[in-house]
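Please look over the structure below before reading on. The report takes up a few local features in turn.

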Amino acid sequence: QVQLVESGGGSVQAGGSLRLSCAASGYVYCTAWFRQVPGKEREWVASIRSDNWSTYAASVKGRFTISRDNAKNTLYLQMNSLKPEDTAMYYCAAVPRGPCGSMSIARYTYWGQGTQVTVSS
């Protein structure tokens, strides 16, 4: 069992930046960020594999950067040029093996508790 703990959320004005972190209690092969607003389905944002291969949703590509520090078992999401539509609860997720980059929440075994990001116009 792997525990995931997110941090780094907060409030920022449009055009600003935030960096989210997700500390894992152990090694995980594939990690990802999702986000969710009330009343909507949880949306995949980006995934990264242990060899640093990564993939992004079209809505964040070029603005967000996913990275990981394998020595620290920590996942990051650098968010730049934030927009009001980026406002959501952000969750990190992980899967111990298998293909990486799935947009389906069913694919992921472990989830964090979420951190809120609010972008004002």
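This is a predicted model: local features need pLDDT of at least 70, side-chain atom pairs count only at pLDDT 80 or more; totals for chains, interfaces and linings use all residues.

Four strands make up an open sheet, ordered β1-β3-β8-β7. Their pairing is antiparallel. β1 (4-7) and β7 sit at the edges, each pairing on one side only. On average, neighbouring strands of this sheet are turned by 15° against each other, direction ignored.

Strands of a sheet pair through backbone hydrogen bonds, and the pairing can be parallel or antiparallel.

## Strand β7 and its two faces

β7 covers residues 64-69, and its side chains alternate. F64, I66 and R68 point to one face and are buried.

β8 spans residues 74-79 and runs antiparallel to β7. Six bridges join the two strands. Two pairs can be located by residue. T65 has Q78 of β8 as its bridge partner. D69 stands opposite T74, also in β8.

Four residues lie between the strands of this hairpin. N73 takes a positive phi there, near 50°.

## The cavity

How many cavities of 30 Å³ or more are there? The count comes to one. The largest cavity holds about 90 Å³ of space. It is lined by 13 residues, and V28, T31, R68, N73 and T74 are the closest to its centre. β3 (18-24), β7 and β8 each give two or more residues to the lining.

By class, that lining has six nonpolar, five polar and two charged residues.

## L82 in the loop

L82 lies in the loop between β8 and β9 (88-95). Is L82 buried or exposed? The cut-off for buried is under 20% relative accessible area. L82 has 2% relative accessibility, so L82 counts as buried.

Which residues does L82 contact, leaving aside neighbours within four places in sequence? They are V12, A14, G15, G16, S17, L18, R63, F64 and V119. L82 and S120 are 38 residues apart along the chain, and their C-alpha atoms are separated by 9.2 Å.

Terms used
Residues are numbered from 1 along each chain as its sequence is written. Side-chain values use heavy atoms; hydrogens and water are left out. Buried means under 20% relative accessible area, exposed over 50%, partly exposed in between (1.4 Å probe, protein chains only). Two strands pair if DSSP finds at least two bridges between them. Axes are lines fitted to C-alpha atoms, for helices over the stretch in contact, and angles run from 0 to 180 degrees between N-to-C directions. On a 1 Å grid over the protein atoms alone, a cavity is a set of points where a 1.4 Å probe fits but cannot get out, and a pocket is an open set with protein on both sides within 12 Å along at least five of seven lines; lining residues have an atom within 4 Å of a point. Grid points are joined across faces, edges and corners, and a volume is the space filled by probe spheres set on the points. Ala, Val, Leu, Ile, Met, Phe, Trp, Tyr, Cys and Pro count as nonpolar, Asp, Glu, Lys and Arg as charged, and the others, Gly among them, as polar. Contact means heavy atoms within 4.5 Å.
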